Amino acid sequence: MINDKKVLFSGMQATGNLTLGNYLGALKNWITLSDEYECFYSVVDMHSITVRQDPQILRKRARALLTLYIAAGLDPEKNCIYYQSHVSGHAELSWILNCYTYMGELNRMTQFKDKSAKHADNINAGLFTYPVLMASDILLFQADVVPVGIDQMQHLELTRDIAQRFNSIYGDVFTVPEAYIGKVGAKIMSLQDPTKKMSKSDENPNGSIYLLDDPDTIMRKCKRAVTDSEAQILYRDEQPGVKNLIDIYCACTNKTADEVVREFAGKGYGDFKTAVGEVIVSVLKPLQDEVARLEKDKVYIDSIIKNNAEKANYYATKTLCKVQRKVGFPDRIR
């Protein structure tokens, strides 16, 4: 607990381009949390290299992601927004926790199996121990809560197991984190395959709307969105494509599904897709304008990177020193 507030940790990988789904499902909700929690939001670039990256592109995307955090409304004075790779405590704690994590636990991680299948030519040890680094991310800041999707819940459970195991040996060292249960962000599906979540790694670029897509591209993607032959704008599972477009419209306008169905009663899919595209453009324009402004202010962004790395390192070091002493490492002479 910091300043009488509970601590919240979350982060996104610096790979690919953030989608409308990332914004409506997660980033938009982060903005409301800083009044209630002491928030640490990381650009998790260390996780990114479990898959081969072009170094120049990774650096560029990491900075772009950090800039997007701020442009979306995360105040870097109230939230600690930083690069994971700028806080060596992540790697140092990860090594220690590797020694308190069992092979059988890591073998059960479904994400390792999925990623191994996708990257069969590069099944590396980092990919296998990825969940331990994630545990270190969370435990390093003594996070009380972690907003996670269903696909990350298994990793959070492992984090809790590691923390409880360590605490049972050495006493009350780590806060055992809980999943953040608050306002659930909209779950946005692919425009081309509405049975799958909209993803920044989608091989079909028409399936995802990226936060920096220009208006013409957004409108084109919406008009190409998969619907069906029923020609009715109804909110039901039997029409997943239409249901997804309604979810997007609701998230962008704060209307309910019933209100949207009534608004477009008797209208065709063409009119509805155009309306969805227009509200997306209106929601993303202020964010895109702020990104453009921030990108020109190199000095400001550099100062955020420097100051927040110092803040993150301060809190990380407090935990790390405690852990190192518990496991028997010699004290550092300062």
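This is a predicted model: local features need pLDDT of at least 70, side-chain atom pairs count only at pLDDT 80 or more; totals for chains, interfaces and linings use all residues.
Student: Which residue forms a salt bridge with Glu 310, and how far apart are the closest N and O atoms?

Tutor: Glu 310 forms a salt bridge with Lys 306, and their closest N and O atoms lie 2.9 Å apart. Glu 310 itself is partly exposed, its relative accessible area being 45%.

Student: How many salt bridges does the count come to, and which residue pairs with Arg 165?

Tutor: The count comes to 16 salt bridges. Arg 165 pairs with Glu 105, with 2.6 Å between the closest N and O atoms, and this pair links distant parts of the chain, since Arg 165 belongs to helix α8 (residues 153–170) and Glu 105 to helix α5 (residues 103–107), 60 residues apart.

Student: Are Arg 165 and Glu 105 buried or exposed?

Tutor: The cut-off for buried is a relative accessible area under 20%. Arg 165, at 17%, is therefore buried, and Glu 105, at 7%, counts as buried too. Glu 263 and Lys 255 form another salt bridge, with the closest N and O atoms 2.9 Å apart; here Glu 263 is partly exposed at 30%, and Lys 255 is partly exposed at 33%.

Student: Which residues are linked with Arg 63 in a network of salt bridges?

Tutor: Lys 298 and Asp 302 are linked with Arg 63 in such a network.

Student: How should I read the nonpolar core, and which residues have the most contacts inside the largest one?

Tutor: In soluble globular proteins, nonpolar side chains tend to be buried together. In this structure the largest nonpolar core has 61 residues, and those with the most contacts inside it are Leu 27, Tyr 69, Ile 246, Phe 272 and Ile 280. Helix α12 (residues 269–296) supplies the largest share of this core, ten residues. A second, separate core of 35 residues includes Tyr 100, Leu 106, Leu 156 and Ile 162.

Student: What does Leu 27 touch beyond its neighbours up to four places away in sequence, and what do the buried residues of α1 pack against?

Tutor: The contacts of Leu 27, with those sequence neighbours left out, include Met 12, Leu 18, Leu 68, Tyr 69 and Ala 72. Leu 27 is one of the buried residues of helix α1 (residues 20–30), as are Leu 24 and Trp 30, and the buried residues of α1 pack against β1, β2, α3, α10 and α12. At the start of α1, a side-chain oxygen of Thr 19 comes to within 3.1 Å of the backbone nitrogen of Gly 21.

Technical notes: Residues are numbered from 1 along each chain as its sequence is written. Side-chain values use heavy atoms; hydrogens and water are left out. A nonpolar core is a set of buried Ala, Val, Leu, Ile, Met, Phe, Trp, Tyr and Cys residues joined through side-chain atoms within 4.5 Å. Buried means under 20% relative accessible area, exposed over 50%, partly exposed in between (1.4 Å probe, protein chains only). Helices (H or I, at least four residues) and strands (E, at least two) are DSSP runs, numbered from the N terminus. Contact means heavy atoms within 4.5 Å. A polar contact is a pair of N or O atoms within 3.5 Å; within protein, one must be able to donate a hydrogen and the other to accept it, and residues adjacent in sequence count only if both atoms are side-chain atoms. A salt bridge is a side-chain nitrogen of Lys or Arg within 4 Å of a carboxyl oxygen of Asp or Glu.
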